[in-house]
Amino acid sequence: MITIGQKFPAFSKTAVVSLEKGKEFETLTSDYLVNDDNVWTVMFWWPKDFTFVCPTEIAEFNKNYGEFRDRETRLIGASTDSEFVHAAWRTHHDDLRDLKFPMLADTSKSLAEELGILEPNEKIAYRATFIIDPTGIVRWVCVNDLSVGRNVKEVLRVLDGLQTDELCPCNWEKGQETLTV
């Protein structure tokens with residue numbers, strides 16, 4: 001599995017960015033992750049569209065979109081389903097219609113495989129979360145088993161800690177003192 005300190009792999013994938021007719025899809029590339037504007041990226045993966053745990057996570061990331069934006073961080077959701085399945089799911093699920101971030105389609109499973117998050121039996125993505133700094137380097141990885149949803153507040157807490165570029169003790173939260181050595 002790709003880990004901390006490694007460059008996020010190169011990719012070019014279709015993503016669902018809207019439900020507006022004719023504006024549903026865009027191509028996202030790994031170039032999107034690298035920038036001079038100090039913008040970070042959180043890419044989170046889920047196993048399958050039209051399931052039960054996945055929409056709870058996606059909806060929670062969406063509810064916290066402003067928190068990520070306030071931290072100059074882009075969100076990208078991803079799975080191995082196609083862009084057409086993503087669009088249909090968004091259209092038919094109340095909690096997903098108004099997503100503010102793209103849903104990346106890794107239909108070939110090549111990115112999930114390169115990241116090392118492809119479950120070996122069903123060939124679906126694990127619940128993986130990557131925090132990527134503005135230079136395209138992975139700074140945090142968390143992977144949950146297929147049956148357990150992640151904690152979006154913890155993703156925000158870790159992002160806050162990374163963005164301080166300081167030593168953050170156990171259970172540290174934004175606004176608390178960092179460690180001095």
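The chat below walks through the cores, an annotated site and the surface of a predicted model.

Q: What kind of model is this, and what pLDDT do local features need?
A: It is a predicted model: local features need pLDDT of at least 70, side-chain atom pairs count only at pLDDT 80 or more, and totals for chains, interfaces and linings use all residues. Residues are numbered from 1 along each chain as its sequence is written, and side-chain values use heavy atoms, with hydrogens and water left out.

Q: Which residues touch the most other members of the largest nonpolar core?
A: Ile58, Phe61, Phe68 and Ile131, out of 24 residues. A nonpolar core here is a set of buried Ala, Val, Leu, Ile, Met, Phe, Trp, Tyr and Cys residues joined through side-chain atoms within 4.5 Å. Buried means under 20% relative accessible area, exposed over 50%, partly exposed in between (1.4 Å probe, protein chains only).

Q: Which elements each supply at least two residues of this core?
A: β3 (40–45), α1 (53–63), α3 (83–92) and α5 (152–164). The largest share, six residues, comes from α5. Helices (H or I, at least four residues) and strands (E, at least two) are DSSP runs, numbered from the N terminus.

Q: What does Ile131 touch?
A: Skipping residues up to four places away in sequence, its partners include Trp40, Val42, Trp140, Val155 and Leu162. Contact means heavy atoms within 4.5 Å.

Q: Switching topic, where does UniProt place "active site"?
A: At Cys54, in an unreviewed entry. UniProt positions use the numbering used here, feature names are shortened, and annotations may be inferred rather than shown by experiment. Cys54 sits in helix α1.

Q: Is Cys54 buried or exposed?
A: Buried, because its relative accessibility is 1%. Leaving out residues up to four places away in sequence, Cys54 touches Trp46, Pro47, Lys48, Trp89 and Arg127.

Q: And Val16, buried or exposed?
A: Val16 counts as buried, at 0% relative accessibility. Val16 belongs to strand β1 (residues 12–16). Beyond neighbours within four places in sequence, its contacts include Phe25, His86, Ala87, Phe101 and Met103.

Q: How many Å separate the C-alpha atoms of Val16 and Met43?
A: The separation is 14 Å, with the two residues 27 residues apart along the chain.

Q: Last one: where is Val181, and is Val181 buried or exposed?
A: Val181 is in the segment after α5. Val181 is exposed because its relative accessible area is 97%.
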